Amino acid sequence: MHRLMEIAKKEVRRVVGLMSGTSVDGIDAALVEITGTGEDLKANLVAFENMPYPEDIRFKIFELFEPHKSTVDKIGYMNFLLGELFAEAALAVIRKAGLSPKDIDIIGSHGQTIYHSPQVDSQDGYDIRYTVQIGEGAVIANRTGIVCVSDFRVADMAAGGQGAPLVPYTEFILYRSKDKNILLQNIGGIGNITVIPAGCAPDRVYAFDTGPGNMVIDGMVSRITGGIKKMDEGGVIARSGKINEKLLNMLTDDPYFSQPPPKSTGREYFGGDYVNRIFEYMRSSGISDEDGVATVTYLTAWSIADAYRRFVKDNCAADRLIIGGGGSYNPVLVDFIRREMAQYGIETLTQEDIGFSSDAKEAVAFAILADRTVHGEANNLPGVTGARQPVVMGKISL
């Protein structure tokens, strides 16, 4: 406890945030200098590093997404192996900044989600929500010698929340405006939107998962190329196709889109089985690969605009939408989003347009969340996750 108290007293804390998303591309590591507390907190990105997963390890992680293949021995092994890899990513970004582990106060690690079930299951008489993130924090702390905060989502779920999304807490701190209604749209494997009304208090922020981000696009590209390509780099395939209205109508009819917030989703819903159904429909309907990729790319843009229409517009007419995550590097997707949002008079920008980093955004968020954990400050937003009360998220490994 003395060690944590000494960190909390520091005027400037150096924190490494670690993130691995649903696309499983690799580990993002951001080294951040943090000053202040609460709503006065400031964060400055010092260095960023991405460590791609070796292809064989990426394959083993994907196996864990399928319950019939995911066994307790595989999960246990990968939990510790990812702890090693996350520790290496942390040390890599520290070296990139020209620092050493003794210069760092905290590591905040989101881990790798392998299963997320936010809907209540009452089969045994208790209202159970559950989630599984792996990448053992004790291993990270041991290999680096740095305090590690990990496994953030479970505390929110224990309080009746969905355990997601968690980044809106940090988005409120970093992006709020006195005179503009701001939307922040992250496009990782899954898309999620944060609504920050002008001049609002934290309890007026709300957020939810809009649906698929890159997950379905990446899945389709992998399926049609036999795994040779993992993504539609630069939107090249989508640009050469046309939106198929019949396929689009089938996809937009999914009940997830009309489900009111709070809501979150993941690979369990929009993963391999979902992509396979689309692929089989394309083949039976004579839809070309290019048109299929163009259609699922537009689906992501449509789902963002649809979420705004249904759940945001009447409460908070937005001035600006800021896009982050890997999807911001797909120019076809970004153009689709700009066109969709322009009909509401909303300016669409990327993180880079405002001087931030799309790549580093979520890793920075978990650095800030870990800093709050060590200070003993609540770091969830119940209005976002549906939790009964604010809680301090994260388990600390010394």
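Buried here means under 20% relative accessible area, exposed means over 50%, and partly exposed is in between, with a 1.4 Å probe and protein chains only. The model is a predicted one: local features need pLDDT of at least 70, side-chain atom pairs count only at pLDDT 80 or more, and totals for chains, interfaces and linings use all residues. Residues are numbered from 1 along each chain as its sequence is written, and side-chain values use heavy atoms, with hydrogens and water left out.

Gly-21 sits in the loop between β1 and β2; helices (H or I, at least four residues) and strands (E, at least two) are DSSP runs, numbered from the N terminus. From Gly-21 to Ile-146 it is 125 residues in sequence and 23 Å in space, C-alpha to C-alpha. The loop between β1 (12-20) and β2 (26-35) also holds Val-24. Val-24 counts as buried, at 1% relative accessibility, and has a positive phi of about 55° although it is not a glycine. Most residues other than glycine have a negative phi, and most peptide bonds are trans. Asp-151 is a further non-glycine residue with a positive phi, near 55°, and lies in the loop between β6 (147-150) and α5.

Now for the cis peptide bonds. One runs from Ala-164 to Pro-165, with omega near -10°, and Pro-165 is placed in the loop between α5 (153-158) and α6. Another runs from Pro-261 to Pro-262, with omega near 0°; Pro-262 is in the loop between α9 and α10 (267-270).

Another glycine, Gly-135, lies in the loop between β5 and α4 (137-144) and counts as buried, at 8% relative accessibility. Gly-135 and Leu-82 are 53 residues apart in sequence, yet 4.5 Å apart in space, C-alpha to C-alpha. Not counting residues up to four places away in sequence, Gly-135 touches Asn-79, Leu-82, Gly-83 and Ile-140, where contact means heavy atoms within 4.5 Å. In helix α2 (residues 55-64), the buried residues are Ile-57, Arg-58, Ile-61, Glu-63 and Leu-64. Their packing partners are α3 (72-96), β4 (106-121) and β5 (128-134).

On to the helix pairs. Two packed helices are described by the angle between their axes and the distance between the axes. Axes are lines fitted to C-alpha atoms, for helices over the stretch in contact, and angles run from 0 to 180 degrees between N-to-C directions. Angles under 35 degrees count as roughly parallel, over 145 as roughly antiparallel, 65 to 115 as roughly perpendicular and the rest as oblique.

Helix α9 (residues 245-252) packs with helix α11 (residues 272-285) at an angle of about 150°, with the axes 11 Å apart, so the two are roughly antiparallel. On the α9 side, Lys-246, Leu-247, Met-250 and Leu-251 meet Tyr-274, Ile-278, Tyr-281 and Met-282 of α11. Sorted by class, this contact has seven nonpolar residues, no polar and one charged; Ala, Val, Leu, Ile, Met, Phe, Trp, Tyr, Cys and Pro count as nonpolar, Asp, Glu, Lys and Arg as charged, and the others, Gly among them, as polar.

Helix α7 (residues 215-224) and α12 have axes that come within 9 Å and cross at roughly 170°, so this pair too is roughly antiparallel. Val-216, Ile-217, Met-220, Val-221 and Ile-224 of α7 make the contact with Asp-289, Val-293, Val-296, Thr-297 and Thr-300 of α12.

Helices α6 (residues 168-175) and α14 (residues 361-374) pack at about 95°, with their axes 9 Å apart, and are therefore roughly perpendicular. Among the residues in this contact are Tyr-169 and Leu-174 of α6 and Val-364 and Ile-368 of α14.

Finally, the cores: a nonpolar core is a set of buried Ala, Val, Leu, Ile, Met, Phe, Trp, Tyr and Cys residues joined through side-chain atoms within 4.5 Å. The largest has 52 residues, of which Leu-183, Ile-278 and Ile-337 touch the most other members. Helix α12 (residues 289-311) gives the most to this core, with 12 residues. Leaving aside neighbours within four places in sequence, Ile-278 contacts Val-216, Met-220, Leu-247, Leu-251 and Val-296. A second, separate core of 42 residues includes Leu-41, Val-167, Ile-173 and Leu-381.
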